[in-house]
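Have the sequence and the fold side by side before you start. What follows is a quick walk through the model, section by section.

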Amino acid sequence: MTGEIVTTVVGGLGGDPDLKYVNAMPVVNFSVASSPRVYDKDADAWKDGEVFWMRCALWREAAENVANSLHKGDRVIVTGRLKQRSYDKDGQTHTVVEMDDMRLAGITFPGNADCETIFPVAGSTTRVRGS
């Protein structure tokens with residue numbers, strides 16, 4: 001990924017993944033919401049910051065894995081390259097930034113730091129268990 005913008009977002013799914021088929025190939029679309037914790041000195045307390053939304057698309061068998069295993073509110077880690085695209089709707093051009101060519105992991109809390117990683121290649125799934 002030389003010269004490309006790669007980022008990682010940790011957050012929760014904003015809705016259930018939306019599975020569709022394009023030319024008989026599965027694609028799942030979903031959004032991840034992340035809000036940083038900020039310290040308010042005046043209140044002497046931590047508060048949620050402004051919510052950041054990242055649109056994500058995943059193809060092939062990994063798309064079906066995500067659609068069958070993740071749901072609204074599930075905590076995830078997504079890492080991938082950012083892709084900008086434009087489209088026309090009602091005579092106006094819109095531009096969106098999405099995450100593409102990504103790796104995704106679902107996080108289970110509390111207790112062990114269980115993490116199920118769903119790779120976008122051949123739908124392989126790896127289960128990693130932490131202490």
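## What you are looking at

This is a predicted model, so keep the confidence scores in mind as you read. The mean pLDDT of the protein chain is 81, with 79% of its residues at 70 or more. Strand β2 (residues 18-22) has the highest mean among the elements, at 95, while strand β10 (residues 125-128) has the lowest, at 40.

Two stretches call for care. Residues 110-114 have pLDDT below 50, and this stretch has eleven contacts in the model beyond near neighbours in sequence. The score also stays under 50 over residues 119-131, where the model has 31 contacts beyond four places in sequence.

## The overall fold

The protein chain is built from one helix and ten strands. Reading from the N terminus, the order is β-β-β-β-β-β-α-β-β-β-β.

How much of the chain is buried? Of the 131 residues, 29% are. The accessible surface comes to about 8,500 Å², and 49% of that belongs to carbon and sulfur atoms. As for who touches whom, take the contacts with a separation of 6 or more: 51% of them join residues 24 or more positions apart.

As a rule, nonpolar side chains in soluble globular proteins tend to be buried together.

Leaving out neighbours within four places in sequence, Val 32 contacts Val 9, Gly 11, Gly 12 and Leu 13, then Phe 52, Trp 53, Met 54 and Cys 56, and finally Val 76 and Val 78.

## A loop residue that is tucked in

Next, have a look at Leu 70, in the loop between α1 and β7. Is Leu 70 buried or exposed? Its relative accessible area is 7%, so Leu 70 counts as buried, the cut-off being under 20%.

What does Leu 70 touch? Setting aside residues up to four places away in sequence, its contacts are Leu 13, Pro 17, Val 76, Leu 104 and Gly 106. Take Pro 17: Leu 70 and Pro 17 are 53 residues apart in sequence, yet their C-alpha atoms are 7.1 Å apart in space.

## The β4-β5 hairpin

Strand β4 (residues 37-40) and strand β5 (residues 45-48) pair in the antiparallel sense over four bridges. They form a hairpin with four residues between them, and Asp 44 in the turn has a positive phi of about 55°.

Arg 37 stands opposite Asp 48 of β5. Arg 37 and Asp 48 also form a salt bridge, with the closest N and O atoms 2.9 Å apart. Because Arg 37 lies in β4 and Asp 48 in β5, the pair ties together parts that are eleven residues apart in sequence. Asp 48 is exposed, at 52% relative accessible area. Lys 47 is partly exposed at 40% relative accessibility, and Asp 40 is partly exposed at 22%.

## Charged pairs elsewhere

How many salt bridges does the whole structure have? A search finds five. Side chains of opposite charge can pair when their charged atoms come close.

One of the salt bridges joins Arg 85 and Glu 98, at 3.0 Å from N to O. With Arg 85 in strand β7 and Glu 98 in strand β8, this pair ties together parts that are 13 residues apart in sequence. Arg 85 is partly exposed, with a relative accessible area of 31%, whereas Glu 98 is buried, at 4%. Through shared partners, salt bridges join Arg 55, Arg 85 and Glu 98 into one network.

Note on methods
Residues numbered from 1 in each chain as written. Predicted model: local features only at pLDDT ≥ 70, side-chain atom pairs only at ≥ 80, totals over all residues. Heavy atoms only, no water. Contact = heavy atoms within 4.5 Å. pLDDT = per-residue confidence, 0-100. Helix = DSSP H or I, 4+ residues; strand = E, 2+ residues; numbered from the N terminus. Buried < 20%, exposed > 50% of the residue type's maximum accessible area, 1.4 Å probe, protein only. Pairing = 2+ DSSP bridges. Areas by Shrake-Rupley, 256 points an atom, 1.4 Å probe, with all protein chains shown as cover. Salt bridge = Lys/Arg side-chain N within 4 Å of Asp/Glu carboxyl O.
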